[in-house]
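Open the model in your viewer and keep the selection panel at hand. The stops below tell you what to pick next.

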Amino acid sequence: MGNPFDSQVEIAWCPGCGNFGILRALKGALTELNFSPEEVVLVSGIGQAAKLPHYITTNVFNGLHGRSIPVALAVKTVNPRLLVIAESGDGCMYGEGGNHFLHALRRNPDITVIVHNNQVYGLTKGQASPTSEEGFVSKAQPWGNMSTPLNPLSLAISQDASFVARGFSGDVDKLKDIIKEALTWKGFSLIDVLQPCVTFNRVNTFSWYKERVYYLDDSYQPEDRIKALEKSLEWGDKIPLGVIYRHQRPTFQDKVYSQIKKEDLIYRGVDFDKLLVEGLKLFT
Amino acid sequence: MDLNLLVGGEAGQGVQTVSGALSTILQRSGYFVFSIEDYQSRIRGGHNFTQVRFSTTPRRAALKKVDILACLNEETYDLHREKVQPEGWILGAIKNEDTYSPHLLPLNFEEIAKSVGNKIFANVVAIGAILGILGLDLRNADSYLEENFARKGEEIVEKNKQALRRGRDAVIPYVSSPLIEETEKRNSPLLALDGNQALGWGALLSGCQFYSAYPMTPSTGILNFISSHAKEYGVVVEQAEDEISAINMAIGASYAGARAMTGTSGGGFCLMSEGLGLAGMTETPIVIVDAQRPGPSTGLPTRTSQGDLEFIIHASHDEFPRFVFAPREPQEAINLVIRAFNLTQKYQVPVIILSDQYLADSKWTYENLEVKERPDTPQFPSFPFPYRRYLLSPSGVSPLAIPGLSKALVVADSDEHDEFGHLTEDLNLRVKMHQKRMRKKEIMREEIHLPYYREGKDLTLVGWGSTWGVIEEVGERLKAEGINSGIIHFSEIYPLPLKIEELFSQAPHPIVIENNYGGQLANLLERELKTSFPLRINSYNGRPFLVEELFSQVKEVRKNG
């Protein structure tokens, strides 16, 4: 039997793109967790990574560049029964959508954010992204990227994000396991996925990553925030993969529904005549 | 009887406390109140004032003339004394050497308050003094104080009542006959509300389930109103990190099946225009309020304007249909919000409601609030798999499914897309999809109500949104001078309704009155009706039209035009 999430839509990525590994891992995770397509909403922004939802048979909201998180937060809030995943590239999530990312860390919505981090802008043909190395040369940065790269994991941990992990698109099985853990986690979960861009990033190639990445072993305790922060700063010769930090705390949706009635929001009608009479009292 | 009270002072001195209490007390005593707020963008200092017009019959506009000037500081006296009528009263912080009015009562409210025990009662002393001049009994004032100070304990309530009486007693020796006329006895209490409350209440009545916004004057009152009732009405309210997030949240909520709304002012709407296009492209229902203030950019944050009409009609790149409404008064605002929620759902296009600071903050009084509109019952139809979100239907409106409620998978895309919602680069399909979206505009025109119309032989006063009340009153004044003026006043502006040409073809000498420089409605009418509208009155000083001013401007235009 085929995977119910398989799609017939033609894929527009470059051959060998790291996105393929993320697509396989995500579909695998959804299938192994026994979700059915109508229970899932994939929200994305704009960029090569943001095309991914079209290649999975499920509910999709492919919105604006940088704006996937506010949409995902609202979808999950209105219908908490849905599994809501926001996914996009590093430019979309950390650049154009940086403010939304920052505030999602504070709100702790029960959504999973998967960032395809290839340290470069793919769709616009090779400019530096928020995670590009300092000195990265492109047509737009001929004298080299003058800024230092954003460390999304340290940022997330410093703000007590609920679940912070890093994966590698070159290892589909392990990435699938991390995604499964994130999808079952209650609260905001971030997976920063290292992914080579075979066309525009000649520095951070498949072999560049392969030589450096390693998995955290069972002795690593992701509940310790300070240790996690330390671990998140490790970058260069060795790059840790796996769940780096997790801390359960009340979600945005928990807090909303502790104030308003728990029954399904969308089915909740209005008793118009009652409201009309009661409301008039407000203005006497 | 038609009296106008002006209370002025520094920000933080209690201008709104005094005027707010008085308008509620007058309303509860059976008088029709019309109040406007004039304040600066600061929390302390500067000069703020509120005008409370009250009468035994309904009033719908602000006056220039003042009958009672209450000065919480001397600056108020300097700035406003010339507006005081010859028989009017001035009380409070007045420079003693001046003898401008026959009813000049220098009163130190703080000193009088200290005799009750604390200068914090100064505002209540002022309320008492004004009520003394009016000659209104203190029953409603007492119950107002009880309501507002009950949580601070009995002693504080009593001290406030004492302060009220000390204020009244300070003016009694000078008042020979009460200023206020008796009003008729009423079976039910009068109702008073401002534009922001009306928009918020309209949303609650519509069954709005999701409101996201970023605070911005003068729209913040909507957020505050909905938030304060969110729990009882079951509304998710979120203060977003910016307007971009606010509109994207509302769109996400709507996609997931909620009736969603957001509100902002012009500058915030600039940030929202990207999201407006998203709603247009994904055909996601959404209601957006733009409470206008003068711009460009930060402009005058706490002042009024009708400068956003052309922007709102065209906002976001390329083309897509939208409804643009502009309520004339709070009662209509309630109805238009309900209508906005119904129409956004029916046509899957954004509906934008244009308010402004004048409407947002002005309080109107009604005997009954007529809520004629009813929210449509939400539909949750099931669709089989595969579901075409953007079915190329004859009307342009495609069946709308909600994710998770049936086997239908809902795919929405900001890219150009195929019928299933998947992105496409097929340019023939692009043409079909664009035509599908755009042809909704034709049936939307049939939906739009014609403007408010009153026939006139000599000239026609034309306007939109919040200017209706003042235009009506100017029309009455013209009539008293033997000038027969008609009115064409829009609250459903865009798309322009069918048969609008007919209406204008029978309207003599239209004068288009707007709170903007360019004459934005006039320009729209010229473009769409292919006739010219050379007679225009435009004001862009940040203040609403006052009856006397507009009256003389209309006469001026008539003389020259």
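**Stop 1: the domains of chain B**

In this predicted model, the C-alpha centres of domain 1 and domain 2 of chain B lie 34 Å apart. Colour chain B by domain: domain 1 is 2–174, domain 2 is 192–366 and domain 3 is 452–560. These bounds come from an automatic or database domain assignment.

Before going on, note that residues are numbered from 1 along each chain as its sequence is written, while chains are lettered from A and ligands numbered from 1 in the order in which they are written. Local features need pLDDT of at least 70 and side-chain atom pairs count only at pLDDT 80 or more, whereas totals for chains, interfaces and linings use all residues.

Now select where domains 1 and 2 of chain B meet. Domain 1 puts in 13 residues and domain 2 ten; contact means C-beta atoms, placed from the backbone, within 7 Å. On the domain 1 side, β2(B) (32–38) gives the most, with six residues. Helices (H or I, at least four residues) and strands (E, at least two) are DSSP runs, numbered from the N terminus.

**Stop 2: where the chains meet**

Show both chains. The contact takes 48 residues from chain B and 45 from chain A. Which element of chain B gives the most to the side that touches chain A? Select α9(B): it supplies eight residues.

Next, pick β2 (59–62) of chain A. This strand and β15(B) pair in the parallel sense over three bridges; strands pair if DSSP finds at least two bridges between them. Within this pairing, F61(A) has A412(B) as its bridge partner.

**Stop 3**

Follow the order β7(A)-β8(A)-β5(A)-β6(A)-β4(A)-β3(A)-β1(A)-β2(A)-β15(B): an open sheet of nine strands with mixed pairing. β7(A) and β15(B) are the edge strands, each pairing on one side only.

Zoom in on β5(A) (163–168) and β6(A) (189–194). They run parallel, joined by six bridges. Here A165(A) stands opposite I191(A). Helix α6(A) (172–184) packs on the sheet, and its direction makes about 160 degrees with that of β5(A). Axes are lines fitted to C-alpha atoms, for helices over the stretch in contact; angles run from 0 to 180 degrees between N-to-C directions.

**Stop 4: a residue in chain B**

Finish on I353(B). Its contacts include L199(B), V287(B), F325(B) and A340(B), leaving out residues up to four places away in sequence.

Definitions and conventions: Two residues are in contact if their C-beta atoms, placed from the backbone, lie within 7 Å.
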